[in-house]
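Here is a short briefing on a two-part model. Keep the sequence and the structure open while you read.

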Amino acid sequence: MTREHRRWHFWMWLVLGPLLVLGFAIGIWLNIKEMVP
Amino acid sequence: VSVQYNAVGWSPFKRLYDAILLGGIALYLGLFFLVGKLAWNGSTEVLLLRALGTCAFLLLHIVLCIGPLARFDRRFLPMLYNRRHLGVATFLVALAHGILATGYYHAFGRLNPLVSLLATNTQYTSWAGFPFEILGVVALVVLFLMAATSHDFWLKNLSPGVWKRLHMLVYPAYGLLVMHVVLGGLQAEGSRVYVVLAGAGLVTVVALHLAAGWRERQRDQRLPGLVPEPEPDPWIDVGSVDEIPQDRAKVVCLPGQERIAIFRYGGMVSAVVNTCAHQGGPLGEGKVVDGCITCPWHGYQYRPENGQAPAPFTERVATYRVRVSNRRILLDPRPLPPGTPVEPARFEE
């Protein structure tokens, strides 16, 4: 990978990673009771 | 790299790798089934369904984690370079799960099982009734596309850029599968175990990618005293020839520049850019085979003395001037145009 590719990769995970984990945790937290039939 | 078509370039290592992979899958399914039968008195079909589903999900986690793990420990590199077989195995196990689930839950009605699977449940606005199966179907289609195009034939015909973009779809597919597992676990059993396990898997995948990205960034920014001397003497000392194993390379990171792979082979030293012209593979993690630097990702080759792929191939990589003085390697870090011949530095073995 080029230096530019590595930099892009790092920033993508730095921004998207915590968003995904937080989105998952908050989404489950708020909706878990509704998710169980 | 070869001009001839080979279905699979089998080697003893690949056979061993595949044997371990198949043995591991069989062991997991067997253990899951055995423990499940002893601990939970459910039906055989449902147990097998869960064994296959969790196995495919676990395999996908391994596929996603190998890349970042290889950045921390070189012992993961052989797994990284044979990751495609793992991906195909993941698809096949997931397919078995899908077929069994469709047959078990949708084959006994009046509707065609596929129609029943895709069209019966339309509660897309309800969490409790959401057709989580659809998420699995879409992810399975993506896994199929990746498995079907995993061969070098497709890599060549689709072009590396398109192929790479197609295979990056593994991340959206993974997201769909996380929700498939969470919703499936909650709706079918009301069990929060699947939520916790899927969440832990997600955190692991994200944390490993972030940590590996951070480590690579640190390597790129590191200033190991390798600051080029001012003109007209650009030579920098990058270490001893004795640090580099025969037919292997040392990778040098210079601030603000691409990484440089310095190869030692048969009493000579040559330097090329660390990035393969094919798909950006790390040439410095490869070795010299038959007199050519061989990329560990797809086997593309370059002559160390000029960075040119042997005929009939046309790929070229940038080269660098090197000298050896008192067994110390001196490098001119200014890249020469791709394919520029450079006399290898010679030393007494």
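Contact means heavy atoms within 4.5 Å. By that rule, A:Gly27 touches A:Leu22 and A:Met35, residues up to four places away in sequence not being counted. The model is predicted: local features need pLDDT of at least 70, side-chain atom pairs count only at pLDDT 80 or more, and totals for chains, interfaces and linings use all residues. Residues are numbered from 1 along each chain as its sequence is written, chains are lettered from A and ligands numbered from 1 in the order in which they are written, and side-chain values use heavy atoms, with hydrogens and water left out.

**Chain A**

- Chain A has one helix and zero strands. Helices (H or I, at least four residues) and strands (E, at least two) are DSSP runs, numbered from the N terminus.
- The C-alpha trace of chain A spans about 50 × 15 × 5 Å along its principal axes.
- Of its 37 residues, 30% count as buried. Buried means under 20% relative accessible area, exposed over 50%, and partly exposed in between (1.4 Å probe, protein chains only).
- Chain A exposes about 2600 Å², and carbon and sulfur atoms supply 76% of that area. Accessible areas come from the Shrake-Rupley method with a 1.4 Å probe; for residues, only the protein chains shown count as cover.
- A:Gly27 sits in helix α1 of chain A. A:Gly27 is partly exposed, at 23% relative accessible area.
- A:Gly27 and A:Trp11 are 16 residues apart in sequence. Their C-alpha atoms are 24 Å apart in space.

**Nonpolar patch on chain A**

- A:Trp11, A:Leu14, A:Val15, A:Leu16, A:Leu19 and A:Leu20 form a nonpolar patch on the surface. Together they have about 550 Å² of accessible area.
- Patches are made of residues with over 30% relative accessible area and no salt bridge; like charges are joined within 9 Å, nonpolar side chains (Val, Leu, Ile, Met, Phe, Trp, Tyr) within 5 Å.
- A:Leu14, one of the patch residues, lies in helix α1 (residues 3–35). A:Leu14 is partly exposed, with a relative accessible area of 33%.

**Interface of chains A and B**

- How many residues of chain A are in contact with chain B? The count is 22 residues of chain A, against 33 residues of chain B.
- The two chains bury about 2500 Å² between them. Carbon and sulfur atoms carry 73% of it. Buried area is the accessible area (1.4 Å probe) that two parts lose on being put together, summed over both.
- A:Arg3, A:Trp13 and A:Phe24 supply 28% of the area that chain A buries against chain B, more than any other three residues.
- A salt bridge is a side-chain nitrogen of Lys or Arg within 4 Å of a carboxyl oxygen of Asp or Glu.

**Chain B overall**

- Chain B has 10 helices and 10 strands.
- Its C-alpha atoms fill a box of roughly 80 × 40 × 40 Å, taken along the principal axes.
- Of the 349 residues of chain B, 46% count as buried.
- Among contacts in chain B with a separation of 6 or more, 54% join residues 24 or more positions apart.
- The accessible surface of chain B comes to about 17800 Å², with 64% on carbon and sulfur atoms.

**Helix α6 of chain B**

- Helix α6 (residues 132–148) has 17 residues. From first C-alpha to last, α6 reaches 25 Å, close to the 24 Å expected at 1.5 Å a residue. The expected span is 1.5 Å times one less than the number of residues.
- Buried residues of α6(B) include B:Phe132, B:Leu135, B:Leu140 and B:Met146.
- The buried residues of α6(B) pack against α2 (44–72), α4 (83–106), α5 (113–119), α8 (160–167) and α9 (170–189) of chain B.

**Salt bridges**

- The whole structure holds 13 salt bridges over all chains.
- B:Arg75 pairs with B:Asp73 in a salt bridge, the closest N and O atoms being 2.7 Å apart. B:Arg75 is exposed at 69% relative accessibility, while B:Asp73 is partly exposed at 22%.
- B:Glu216 forms a salt bridge with B:Arg219, with closest N and O atoms 4.0 Å apart. Both lie in helix α10 (residues 193–221), three residues apart, about one turn of the helix. B:Glu216 is buried at 8%; B:Arg219 is partly exposed at 22%.
- B:Arg346 forms a salt bridge with B:Glu343, the closest N and O atoms being 3.5 Å apart. B:Arg346 is exposed at 53%, and B:Glu343 is exposed at 57%.
- Salt bridges that share partners join B:Glu216, B:Arg219 and B:Arg259 into one network.
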